[in-house]
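Please keep the model open while reading these notes. Each point takes up one topic and can be checked against the picture.

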Amino acid sequence: MKLLITLIGLVLVLEGLPYVAAPESMQRWLRQIAAMPPHLLRRIGLVAMVLGFFLCALAQKTGFFD
């Protein structure tokens with residue numbers, strides 16, 4: 001449970017960093033995302049999920065990151 005809470009905290013830090021560092025750029029970027037068609041956003045989300053799952057599996061099942 002401690003690891004899960006730590007990971008959630010790290011995700012929140014990384015998600016908030018661009019808003020603190022460059023809020024104007026984030027506003028422009030969010031407008032561009034809002035203009036994208038839903039099917040494209042779905043594909044981007046799916047690719048991100050698969051990549052994230054692959055990285056987690058790689059880190060847990062191999063000694064590659066030791």
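What radius of gyration does the protein chain have, and what would a compact globule of 66 residues have?

1. The protein chain has a radius of gyration of 16 Å, whereas a compact globule of 66 residues would have one near 11 Å. This radius is taken over C-alpha atoms, and the globule rule is 2.2 Å times the number of residues to the power 0.38. Along the principal axes, the C-alpha atoms fill a box of roughly 40 × 30 × 20 Å.

2. A word on the source: this is a predicted model, in which local features need pLDDT of at least 70 and side-chain atom pairs count only at pLDDT 80 or more, while totals for chains, interfaces and linings use all residues. Residues are numbered from 1 along each chain as its sequence is written, and side-chain values use heavy atoms, with hydrogens and water left out.

3. The protein chain contains 3 helices and 0 strands, in the order α-α-α from the N terminus. Helices (H or I, at least four residues) and strands (E, at least two) are DSSP runs, numbered from the N terminus.

4. Buried means under 20% relative accessible area, exposed over 50%, and partly exposed in between, with a 1.4 Å probe and protein chains only.

5. Helix α1 covers residues 2-21. The number of buried residues among its 20 is 0, so α1 lies largely in the open. Its end C-alpha atoms are 28 Å apart, which agrees with the 28 Å that its 20 residues should span at 1.5 Å a residue. The expected span is 1.5 Å times one less than the number of residues. Before α1 comes methionine 1, which is exposed at a relative accessible area of 74%.

6. How do α1 and α2 pack, and at what angle? Helix α2 takes residues 23-35, and the two helices pack at about 110° with their axes 5 Å apart. They are therefore roughly perpendicular to each other. Pro18, Tyr19, Val20 and Ala21 of α1 meet Pro23, Met26 and Leu30 of α2 in this contact, which has 7 nonpolar, no polar and no charged residues. Contact means heavy atoms within 4.5 Å.

7. Glutamine 32 also belongs to α2. Is glutamine 32 buried or exposed? It is exposed, with a relative accessible area of 54%. Its C-alpha atom is separated by 36 Å from that of glutamine 60, 28 residues apart along the chain.

8. Helix α3 (residues 38-61) reaches 34 Å from its first C-alpha to its last, close to the expected 34 Å. It is hardly covered, with 0 buried among its 24 residues. The C-alpha atoms of leucine 40 and methionine 1 are separated by 34 Å.

Technical notes
Axes fitted to C-alpha atoms, helices over the stretch in contact; angles between N-to-C directions. Parallel < 35°, antiparallel > 145°, perpendicular 65-115°, else oblique. Nonpolar A, V, L, I, M, F, W, Y, C, P; charged D, E, K, R; others polar.
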